[in-house]
Amino acid sequence: MHEFFIPFISDALKSAGIETDKPVQIEQPADRKFGDFSTNIAMLCAKECRRNPRELAGELLRHLSFPAGTVAKSEVAGPGFINFYLSPLFIMKSVEQILLDGDAYGKGRSGAGQRAVVEYVSANPTGPLTIGRGRGGVLGDCIANLLETQGYEVTREYYYNDAGKQMTILAESVRYRYLELCEQAVDFPPTHYQGEYIRDIAEVVFMEHSTALAGSGELGVFKEAAETIIFNSIRATLERLGIRHDSFFNEHTLYIKDSEGTSPNQRVIDALASKGFIGNHEGATWFMTTKLGQEKDKVLVKSSGEPSYRLPDIAYHITKFDRKFDRMINVFGADHIDEYPDVLEALKILGYDTGCIEIAINQFVTTTVEGQTLKMSTRKGNADLLDDLIDDVGADATRLFFIMRGKDSHLNFDVELAKKQSKDNPVFYLQYAHARICSLLRMAKQETGFDADLVNNYEGLSRLESPSEIQLGFSLLEYPHWARTSLRLLEPQKMVEYLHSLSEQYHRFYQECPIIKAEPEITEARLLLSIATRQVLRNGFRILGISAPEAM
RNA sequence: GCGCCCGUAGCUCAAUGGAUAGAGCAUCAGCCUUCUAAGCUGAGGGUUACUGGUUCGAGUCCAGUCGGGCGUACCA
């Protein structure tokens, strides 16, 4: 709806003889008394035209015209805004289109023909998922959903490493617990994984092999068991939240040599070396980032001969270019904040256009239980396990709470609030609006024979004209704007806010306007408006990945 | 020390550079013989951490100060 105004305003600028390179901005005033939409174009142009902004706005207004029946009123206000008031009939006609579009309402084509990859979660299989990972997982999943609504072909990717030092420590940890089961005295090292889940894995190995592995130092069985069991648990946890990846990219593939005896990792080193950015000292191979003005060089290959995480990260991104993605979105937690600048620098040196890489960083999660703030801890205890949180508050609340704050805000997850089955809980506020509409439609079918599934003539909407009806109809038209905005900012929180305000509009309408008990024609019109609201809520819930209950 | 994020009502958080800084919770006052009161209406509550700057206009952008978080590994 925002775009509706732009061509008319551009025409008015032309016929008023105003030339400007300033973009025409359409905004929605915070207070509806300043119109449904407004533009600040006169204030933007005032300086270069050397004219008073209000006077310029008046001049523009004289050249401005809209198709009959669309804009009811345009006026100059404040320091030089031009405010527009839509005609109620135009709003209701537009709501008809929502009913015609159905599930497709709000979808766009801006991503048509483009391929996007969203990388998220990407936890290595060393332990169960933590609450902190959950935030990034839900954020990534919602971003992928948003991309799909705009027509992108989306790959949801999980990047992981099942080799290297951490996995060895993991396998050793399991072996120690296994030896305990074999009733050998062991001194469990404090550097190893302390979690209870290690004992569970050891038990599985013990069940299968009894004491047969106790004599050998071989880690293979332990590593394999740990990886399989942990990965299954991670995937099961994600599945509970409706998170499913299309692609699991194993970092190990970047180490594998091809027929010419070189690997993707090695090719990165060679390419950077040919640009003069590789140095060797202290037995390690360095990316000479000091040449780019950074304080220190960064290790690419450790003196042990193993690559550090940076090298495969660079090689991994090159595969994204090779795989011809148009957009590459990485979702990281704040603890990985240092990871990407070097990767981007390396890619630039190698001639890649890094403009298509976007980084969405989410800040940390603290959990509040009964007023006590628990800081997320990485290793010990099970207080920060994502599975426990889902057990506690359910998948819908988990998802919504993770994205109802901006990703740059430190998230305070109030477990008590998320558990409440009451109006205090934002999840229930949204879902209640949907359930209320479903209940209303069931009642309408029973009382008046109106069948929401069969209705196909929406013209009755034009009969609606009261403020709460018009306001609700108008809110419905804003949905596509917020879907686009959420994607542009990589911030599903905008969609949460929108749906909250839409729910509020619906509850107000419901409160003020009798629906089934009104005149038959008005009843039908109000039911149509309710169906349209239900449709928009459903479309929005689908993006957020929360359920749309028919009854509560 | 350096880098990134944050600082807004008692609490949790909004506010694409726009008009009188908004919601929810909590507090107080109203609304169900009527479609889900898991709802609605209203009231009180603010020097947007601080100091400068940029401009028609700054919570928002820039510089600095103070406070908090996360990094600052030959961990990922």
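In this predicted model, helix α12 (residues 386-393) packs on helix α13 (residues 395-403). The two axes lie 7 Å apart and meet at an angle of about 115 degrees. Helix α12 is therefore roughly perpendicular to α13, since angles of 65 to 115 degrees fall in that class. On the α12 side, the contact is made by L386, L389, I390 and V393. Helix α13 contributes A395, A397, T398 and F402. By class, seven of the contact residues are nonpolar and one is polar. No charged residue takes part in the contact of α12 with α13.

Helix α2 spans residues 41-49. Its buried residues are I41, A42, C45 and A46. Viewed down the axis of α2, these buried residues fall within an arc of 135 degrees, so they line one face of the helix. Just after α2 comes R50, which takes a positive phi of about 55 degrees.

Strands β8, β9 and β10 form an open sheet. Their order is β8-β9-β10, and the pairing is antiparallel. Strands β8 (278-281) and β10 (298-301) stand at the edges. Each edge strand has a single partner, so one side of each is left without a neighbour in the sheet. With direction ignored, neighbouring strands of this sheet are turned by 45 degrees against each other on average. Strand β9 covers residues 284-287 and is joined to β8 by four bridges. These two strands run antiparallel. Within this part of the sheet, G279 has W286 of β9 as its bridge partner.

At the level of the whole chain, chain A comprises 552 residues. It holds 19 helices and 15 strands. The C-alpha atoms of chain A fill a box of roughly 85 × 60 × 45 Å, taken along the principal axes. Of the residues in chain A, 53% count as buried, with a cut-off of under 20% relative accessible area. Among contacts in chain A with a separation of 6 or more, 71% link residues 24 or more positions apart.

Methods. Residues numbered from 1 in each chain as written. Chains lettered and ligands numbered in written order. Predicted model: local features only at pLDDT ≥ 70, side-chain atom pairs only at ≥ 80, totals over all residues. Heavy atoms only, no water. Pairing = 2+ DSSP bridges. Axes fitted to C-alpha atoms, helices over the stretch in contact; angles between N-to-C directions. Buried < 20%, exposed > 50% of the residue type's maximum accessible area, 1.4 Å probe, protein only. Arc of directions from axis to C-beta. Parallel < 35°, antiparallel > 145°, perpendicular 65-115°, else oblique. Contact = heavy atoms within 4.5 Å. Nonpolar A, V, L, I, M, F, W, Y, C, P; charged D, E, K, R; others polar.
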